[in-house]
Amino acid sequence: LFGIKNLNKVKIENGGTSFLVQESSSPIIFIDRSTLIEFVNNAFINTFGIEPNFIVGQPISRIIEDEEVLFLIDTLKFFGTRQVPVKTAKCTKRNGNKATFDITIVPIVDKKSSDSKKLENVKSDDKSKDSNSKSKIVHRLAIIFVDKTTKKNLKKRCILVQKNNQKLIDL
């Protein structure tokens, strides 16, 4: 998934990966190390109502408002080695509406850099396993969104319908 600017124009060696990301039902964005948005999938466009030409190149803070989540993203771009789930991040949609999402942040490691570092470590007879994990360079971050606002509203509507049905039954 390296070198993504427009996923539709780029052929990725890992065949179906671009299709899976593009056609996922979950909104997914990729940001670079400077936290600028590089790519958004179709679900992001549908959920947030923002076309790629308006959001690509913008800072992630344009979407995610939560300062703690932004700090976590800033930290993960340097030290991320595994995905991190985050509960309830407040985000902004195109129309200015606020929405709550559960997000998962997935660091994408530059394999070429980490492989060359591992090779250097082996040559220098470094026996520490931690040095290999520290040598991984996060190339970009993928952020996957799950809309909690919609689920909460759906749950409220279901409870209301259930109460109304109970009232009808009681009559």
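This is a predicted model: local features need pLDDT of at least 70, side-chain atom pairs count only at pLDDT 80 or more; totals for chains, interfaces and linings use all residues.

Me: How is the pair of Phe-101 and Phe-145 to be classed, as stacked, tilted or edge-to-face?

Reply: A pair of aromatic rings is described by the distance of the centres and the angle of the planes. For Phe-101 and Phe-145 the centres are 5.5 Å apart and the planes are at 85 degrees, so the pair is edge-to-face. This pair links distant parts of the chain, for Phe-101 belongs to strand E4 (residues 98–109) and Phe-145 to strand E5 (residues 138–147), 44 residues apart. Phe-101 and Phe-145 are both buried. Together with Phe-44 and Phe-48, these two residues form one aromatic cluster.

Me: Returning to Phe-30, which residue of E2 is its bridge partner?

Reply: The bridge partner is Phe-39. Strand E1 (residues 28–32) pairs with strand E2 (residues 37–40) in the antiparallel sense, over three bridges. The two strands form a hairpin with four residues between them, and Thr-35 in the turn has a positive phi of about 60 degrees.

Me: Which residues of the largest nonpolar core touch the most other members?

Reply: In soluble globular proteins, nonpolar side chains tend to be buried together. Here the largest nonpolar core has 28 residues, and those touching the most other members are Ile-60, Ile-63, Ile-64, Ile-103, Ile-143 and Phe-145. At least two residues of this core come from each of E1, E2, helix H2 (42–48), helix H4 (67–79), strand E3 (84–92), E4 and E5. Another core, of six residues, lies apart from it; Val-21, Ile-28, Ile-108 and Ala-142 are among its members.

Me: Where does Thr-100 lie, and does it count as buried or exposed?

Reply: Thr-100 lies in strand E4. Its relative accessibility is 12%, and because buried means under 20%, Thr-100 counts as buried. Beyond its neighbours within four places in sequence, Thr-100 is in contact with several residues, including Thr-88, Lys-90, Val-146 and Asp-147.

Me: Where is Arg-94 found, and over the face of which residue does it lie?

Reply: Arg-94 is found in the loop between E3 and E4, and it lies over the face of Phe-54, at 5.7 Å from the ring centre. With 54% relative accessibility, Arg-94 counts as exposed. Not counting residues up to four places away in sequence, Arg-94 touches Phe-48, Gly-49 and Ile-50. Arg-94 and Thr-47 are 47 residues apart in sequence, and their C-alpha atoms are 9.5 Å apart in space.

Me: Finally, how many helices and strands does the protein chain have?

Reply: The secondary structure comes to seven helices and five strands, which follow the pattern α-β-β-α-α-α-β-β-α-α-β-α along the sequence. Of the 171 residues in the protein chain, 36% are buried. The accessible surface comes to about 11,100 Å², and 54% of this belongs to carbon and sulfur atoms.

Conventions
Residues are numbered from 1 along each chain as its sequence is written. Side-chain values use heavy atoms; hydrogens and water are left out. Two strands pair if DSSP finds at least two bridges between them. Rings of Phe, Tyr and Trp (its six-membered ring) pair if their centres lie within 6.5 Å; planes under 30 degrees apart count as stacked, over 60 as edge-to-face and the rest as tilted. Buried means under 20% relative accessible area, exposed over 50%, partly exposed in between (1.4 Å probe, protein chains only). A charge sits over a ring if NZ of Lys or CZ of Arg is within 6 Å of the ring centre and within 35 degrees of the ring normal. Contact means heavy atoms within 4.5 Å. A nonpolar core is a set of buried Ala, Val, Leu, Ile, Met, Phe, Trp, Tyr and Cys residues joined through side-chain atoms within 4.5 Å. Accessible areas come from the Shrake-Rupley method with a 1.4 Å probe; for residues, only the protein chains shown count as cover.
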